[in-house]
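User: I would like to go through this structure step by step. Could you show it to me, please?

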Amino acid sequence: MSFFIKVLLVGVGGFVGAGLRFAISQFVNKKYSLNLPVATLIVNLVGSFLLGFLIGSEVTEPIYLLCGVGLMGSFTTFSTFKLEGIQLHIKKRWKVLILYNVVSYGGGILLAFIGFGIGQFYF
């Protein structure tokens, strides 16, 4: 597979993933007004599970580039997660900050592991 095709696959996946993240964030933020940054938490946890599933399924390189690197890479958002953590710190919302970090890191690792296991089991 040529380098151009690889870049194209990542780009197309990235375009779709960024659009999905934006749509989900808009929907969640309009529907729910919680102290916890729920939209970012949802996309990061779902993305962790799906990436674990892809890896566990041992998908082909084109599918991995399109869905794993492109789609999941742009769907999940480490930078927004960190920014929201800083904002919670500045506002001195310590309990929410700790909960957000524990659920994000712990839940992300757990869901990636579960996704990996399911991917291996079914494929």
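User: How far does helix H1 reach from its first C-alpha to its last?

Analyst: Helix H1 covers residues 3–31, 29 residues in total, and reaches 42 Å. That is close to the 42 Å expected at 1.5 Å a residue, where the expected span is 1.5 Å times one less than the number of residues. Helices here are DSSP runs (H or I, at least four residues), and strands are E runs of at least two, numbered from the N terminus. Please note that this is a predicted model: local features need pLDDT of at least 70, side-chain atom pairs count only at pLDDT 80 or more, and totals for chains, interfaces and linings use all residues. Residues are numbered from 1 along each chain as its sequence is written, and side-chain values use heavy atoms, leaving out hydrogens and water.

User: Which residues in H1 are buried?

Analyst: They are Leu9, Gly13, Gly14, Gly17, Ser25 and Val28. Buried means under 20% relative accessible area, exposed over 50%, and partly exposed in between (1.4 Å probe, protein chains only).

User: And what do they pack against?

Analyst: The buried residues of H1 pack against helix H2 (38–56) and helix H3 (61–75).

User: Why does Thr40 count as buried?

Analyst: Thr40, which lies in helix H2, counts as buried because its relative accessibility is 5%.

User: What does Thr40 touch?

Analyst: Leaving aside residues up to four places away in sequence, Thr40 touches Thr77, Thr80, Phe81, Glu84 and Tyr100. Contact means heavy atoms within 4.5 Å.

User: How many helices and strands are there in the protein?

Analyst: The protein has five helices and zero strands.
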